[in-house]
Amino acid sequence: MKLPNAIKATGNDIKDVKAVVFGHLHLDHAGGLEHFIDSGVPIYVHEEEFKHGAWAVATKADYGVYLPHYFDLERLNWKTFTDAHFEIYQGMTLHHSPGHTPGLCVMQINLPKDGTFIVTTDQYHVAEMFENDTPHGWLARDHTAWIRSHEMIKQLQRMFKATMIFGHDKEVFEQLTTPKKVFE
Ligand SMILES: [Zn+2]
């Protein structure tokens with residue numbers, strides 16, 4: 001499903017999108033930017049991730065997991081931040097969690113009725129990595145950083161009793177979204 005259709009399926013229109021927020025810029029998490037060219041819509045990503053991705057593409061140091069065409073420097077409205085904990089909107093905070101990539105951020109969302117959610121992108125591909133403290137071998141570019149990020153996220157989860165949503169865990173996602181379609 002292409003991005004405009006995926007957004008339409010939620011009852012919204014791609015023209016209503018106010019901002020794009022990236023957890024990291026690997027190709028399987030960063031598609032669809034062609035729809036935002038010349039739109040002025042801010043594209044948020046941690047400064048470390050933007051720099052690393054551009055470097056990895058330009059030097060071919062990590063080519064293949066980052067793609068050159070989405071580093072449009074003129075026609076996309078890139079917005080980077082350097083804060084370790086960045087409240088992008090009220091109740092929505094990005095936590096810098098290096099390890100899988102240098103600039104990966106997990107997103108914490110505090111909802112008034114349903115409580116706190118943490119969307120982990122590829123800090124954890126599946127639930128077992130979080131639950132069993134298992135880093136992901138060669139997929140982690142920086143093992144020590146991953147462990148530090150993991151400790152920070154575990155503490156966040158305990159503090160807010162957060163529901164976790166992992167980067168590639170379809171089972172967890174379906175358990176959460178099958179009984180309930182809207183979270184408030
Ligand atoms: Zn990734």
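Modeller: Strand 1 and strand 2, the latter made of residues 42–46, run parallel and are joined by two bridges; strands here are DSSP runs of E with at least two residues, helices are runs of H or I with at least four, both numbered from the N terminus, and two strands pair if DSSP finds at least two bridges between them. This is a predicted model, in which local features need pLDDT of at least 70 and side-chain atom pairs count only at pLDDT 80 or more, whereas totals for chains, interfaces and linings use all residues. Residues are numbered from 1 along each chain as its sequence is written.

Within this pair of strands, V20 has I43 of strand 2 as its bridge partner. The open sheet to which they belong holds three strands in the order 1-2-3, with parallel pairing, and its edges are strand 1 (20–21) and strand 3 (77–81), each of which pairs on one side only. Helix 2, residues 47–59, packs on this sheet and touches strand 2 and strand 3, while its direction makes about 90° with that of strand 2. Touching means C-beta atoms, placed from the backbone, within 7 Å, and angles, from 0 to 180 degrees, are taken between N-to-C directions of axes fitted to C-alpha atoms, for helices over the stretch in contact.

To place this part in the chain, the domain assignment, which is automatic or from a database, gives domain 1 (1–82) and domain 2 (84–178). Taken over C-alpha atoms, the centres of domain 1 and domain 2 are separated by 19 Å, and the contact takes 14 residues from domain 1 and 13 residues from domain 2. On the side of domain 1 that touches domain 2, strand 2 and helix 2 each supply at least two residues, and the largest share, five residues, comes from helix 2. That side of domain 1 divides into five nonpolar, six polar and three charged residues, where Ala, Val, Leu, Ile, Met, Phe, Trp, Tyr, Cys and Pro count as nonpolar, Asp, Glu, Lys and Arg as charged, and the others, Gly among them, as polar.

Strand 4 runs antiparallel to strand 5 (residues 92–96), the two being joined by four bridges, and F86 stands opposite L94 in strand 5.

Definitions and conventions:
Two residues are in contact if their C-beta atoms, placed from the backbone, lie within 7 Å.
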